[in-house]
Amino acid sequence: MNEALVTMTGIEKHFAGVHALKGCRFELRSGEVHALVGENGAGKSTMMKILTGVYQKDEGEIAYKGGPVQIADTKAAQKLGITMIHQELNLAPDLTVAQNIFIGREPRSFGGLFLNDKEMNRQTSKLLAQMNLDIEPTALVSDLTVAKQQMVEIVKAISYESQALIMDEPTAALSDNEIEELFATIEKLRAEGVGIVYISHRMAELQRISDRITVMRDGAYIDTVLTRETTVERIISMMVGRELYHVEGPQLADSYGEVVLEARGLNRGRTIKDVSFKLRKGEILGMAGLIGAGRTEVARAIFGADSLDSGEILIRGKRVRIGAPHDAVREGIGYLSEDRKRYGCLVDMDVKTNVAIASLGRFARFSWMSGSRIERVSEDVVERLKVKTPSVHQRLKNLSGGNQQKVIIGKWLTRDCDILIFDEPTRGIDIGAKSEIYKLLDSLAAQGKSIIMISSELPEVLRLSHRVLVMCEGRVTADLMNDGLTQETIMHYATQREEALHA
Amino acid sequence: MKKTSLALGAAPTRQLSIFKPGWLQQFLAFGSLIALVVIFSFASENFFKFSNIVGILLSTAVTGVLALGATFVIITGGIDLSVGTVMTLSAVMTGVSISFWGTPIWVGLLVGVMTGALCGLVSGYAVSKLNIPPFIATLAMMMIAKGLALVISGTKPVYFTDAKGFTDIALGSLLGDIIPGFTIPNAVLIFFAAAIIGSIVLTRTLVGRYNFAIGSNEEAARLSGVNVNFWKIVIYTIAGVFTGIAGILIASRLNSAQPALGQGYELEAIAAVVIGGTSLSGGKGTIIGTVIGALIMSVLTNGLRILSVPQEWQTVVVGFVIFLAVYADILRRKKGA
């Protein structure tokens, strides 16, 4: 392997009384993919934010290509050739691919008076061709798939002649095929000597793509190992420092029984096509499918967040009209969005408000709110769901993803919802917290709650679901009991396009 | 694991409770208010006199009550440009009721408040159900109210000469009757009472909590089963009630409803809210901040007038104060992040 590109040693960082990084180190060599793993809150992103100049270290050294450097801000990092590709992409959707890549340094003509789009598109074509990417420079970013948008970000980084590229959960929003595309790009970059930091929770991916793995835990450096000399179990145990909850397959609860929710012939534009299914009491119904299969759309429509063109929804055998989310909530349906920060919770408000928000009416007498009752109930939720928070007065944005998710679950439990729709319940949640969420879902089902769980991770679907609904292009292609079900079977139905179905 | 989280637990929250969001901004605003009072008191002996202080408070009352309503709307992340002219329309309707229809004063007051509430309701409906951006919806309402006030009054002021005691609503002094010499006008009492009620509604009731939730993240509130459209209408209606009260106050002070007056008050109200630390992006804000913001504006105008600074320049200074106040808020936010 090559020489060290970036060396961080003895990095210390404090935030308002929290010791976020304790003498951490990290080394990136050119031409390697170096995975950085750890639970949320372990300090990975703080470490990388220091490297990219978002934060300033309190103490420690950063060396770049052998010489010590000070990285004052993100611009300085970019100038050195260190770029981070964030989970939320930083692209202007209404501009073209080329415009996005050359934003802030557009080629000009006539002494800088006019934009030279021709030159810009030509250079972009060249860059795209270099990376073997089939993207038009003049395509609007909003017309591209998430995967392609990510490629554009990568190309943009490359165009700055980045030597070190940091990718934060790059595959979170990608389907399997798209992940393959991304990996091909990463391998190409590696061959060209770019050093890549790869932050991810997905062990299988790390095993495939990374050369070395550095593990962090609770703001401390744990170890760096060669990927080919280690096992997933070892990495996970270094990450969590404790045993993981593990169960072979889901057990049907005794409460399994009557149909609580039935969807009949749901249609909505091109996204939902004649979807029918039943959800029983005490059951976890997994919804599997590729990105864009229409699972989230079905969930949102049932919850009243989007309107339906046709179809009916029955709750406990009774036809109900759900025109808006508050109608669904009244029927006892709770929805946990895949995008917690945007749709799931009020990040600027405290834990207790987030717990109470769906049932505030219950805490108010003649509209007068009882602060102490809200506090008591939310403290009870924190205790019951083992939410890690200093107090119920803590603002939600200071909690980790897993704990935010628990607070949202608590919100619906407080509201006495007995039909819960989980959309990607463990997205962005670290492994330790994941198994806690799994345990929670299991116990909710055992208590007689009915759960629809949308997940793009097949092992998760198989681990949790009693029954699996597979969707493809807006249609339900299979409704399968989960006994002896395999990932292959699910994938078979998830890719069963309409032509094949009729053939 | 549990142990560390507990150890981390108690201490930071206790420290943090002093520095609750918005607290520093209010402290800054309050500090600036005190500083202004001190500076003007040294600059002119005429400033810190009972009669002048009462004058300042009286001149704050109308804009202040408007600003209370504006605070509610701004916390949803919206804006209400119609409060100035709706205030005028409310004043005109009160005048029409009392002077033209010959109703008792209390009915006139009710008509004034209901007019404000109705306008708020319409704005709220337009913003929520019709999905018209608040800026546009309330701009339209501003013009509608302005026009209606002129049409209904026949473009002439409506006088309350026959309604005995109408001016006492704003200018009489209940307190002065109880404590001789302590003649603080009722308008000031009404302003403070409205502020206290507004503060309670905002912090202690359902609608107040939903107000913050909607301003903080409207979509998340909707997906939590909050009937966002309904509550927005309620919030705009509440703002309308405050506007109606302001209309009564200004009519009572002038003993007439002046249909051409009113435009420009909405911007002063918004300025008071912003100086008081309420965020225009929604989700953050307090009533006490708005009260302080309104007081800062009138102390500034009053003090500068006493120092014989021409009126044109007073406006320039107030403009700069808004720059300063909002910039201070941005600095604080940066530090907090």
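**Exercise 1. Find where A:K397 lies in chain A, and decide whether A:K397 is buried, partly exposed or exposed.**

Solution. Step 1: A:K397 has a relative accessible area of 44%, so A:K397 is partly exposed. The classes are buried (under 20% relative accessible area), exposed (over 50%) and partly exposed (in between), with a 1.4 Å probe and protein chains only. Step 2: A:K397 sits in the loop between α13 (371–384) and α14 (401–414) of chain A. Helices here are DSSP runs of H or I with at least four residues, strands are runs of E with at least two, and both are numbered from the N terminus. Step 3: with neighbours within four places in sequence left aside, A:K397 is in contact with A:V347, A:D348 and A:Q404. Contact means heavy atoms within 4.5 Å. Step 4: A:K397 and A:S175 are 222 residues apart in sequence, and 28 Å lie between their C-alpha atoms.

The model is predicted: local features need pLDDT of at least 70, side-chain atom pairs count only at pLDDT 80 or more, and totals for chains, interfaces and linings use all residues. Residues are numbered from 1 along each chain as its sequence is written, chains are lettered from A and ligands numbered from 1 in the order in which they are written, and side-chain values use heavy atoms, with hydrogens and water left out.

**Exercise 2. State which domains the assignment gives for chain A.**

Solution. Step 1: domain 1 covers 4–240, domain 2 covers 254–332 + 420–425 + 450–503, and domain 3 covers 337–417. Such bounds come from an automatic or database domain assignment. Step 2: the centres of domain 1 and domain 3 of chain A, taken over C-alpha atoms, are separated by 34 Å.

**Exercise 3. Check the span of helix α5 of chain A, then describe its cover.**

Solution. Step 1: α5(A) runs over residues 146–159, which is 14 residues, and at 1.5 Å a residue it should span 20 Å. The expected span is 1.5 Å times one less than the number of residues. The end C-alpha atoms are 20 Å apart, which agrees. Step 2: 12 of the 14 residues are buried, so the helix is mostly covered. Among the buried residues are A:M151, A:V152, A:I154, A:V155 and A:I158, and also A:E153 and A:K156. Step 3: the cover of these buried residues includes β6 (82–85), α3 (97–101), α4 (117–130), β9 (164–168) and α6 (176–191) of chain A. Step 4: just after the helix, A:E161 has a positive phi of about 55 degrees.

**Exercise 4. Describe how α5 and α12 of chain B pack.**

Solution. Step 1: α5 (residues 105–128) and α12 (residues 228–254) pack at an angle of about 145 degrees, and their axes are 6 Å apart. Axes are lines fitted to C-alpha atoms, for helices over the stretch in contact, and angles run from 0 to 180 degrees between N-to-C directions. Step 2: residues of α5(B) in the contact include B:G112, B:G116, B:G120 and B:G124, while those of α12(B) include B:Y236, B:G240 and B:G244. Step 3: the contact residues divide into 11 nonpolar, 10 polar and 1 charged. Ala, Val, Leu, Ile, Met, Phe, Trp, Tyr, Cys and Pro count as nonpolar, Asp, Glu, Lys and Arg as charged, and the others, Gly among them, as polar.

**Exercise 5. Compare B:N131 with B:N255 in phi and accessibility.**

Solution. Step 1: phi is near 65 degrees in B:N131 and near 50 degrees in B:N255. Step 2: B:N131 is exposed at 64% relative accessibility, whereas B:N255 is partly exposed at 25%.
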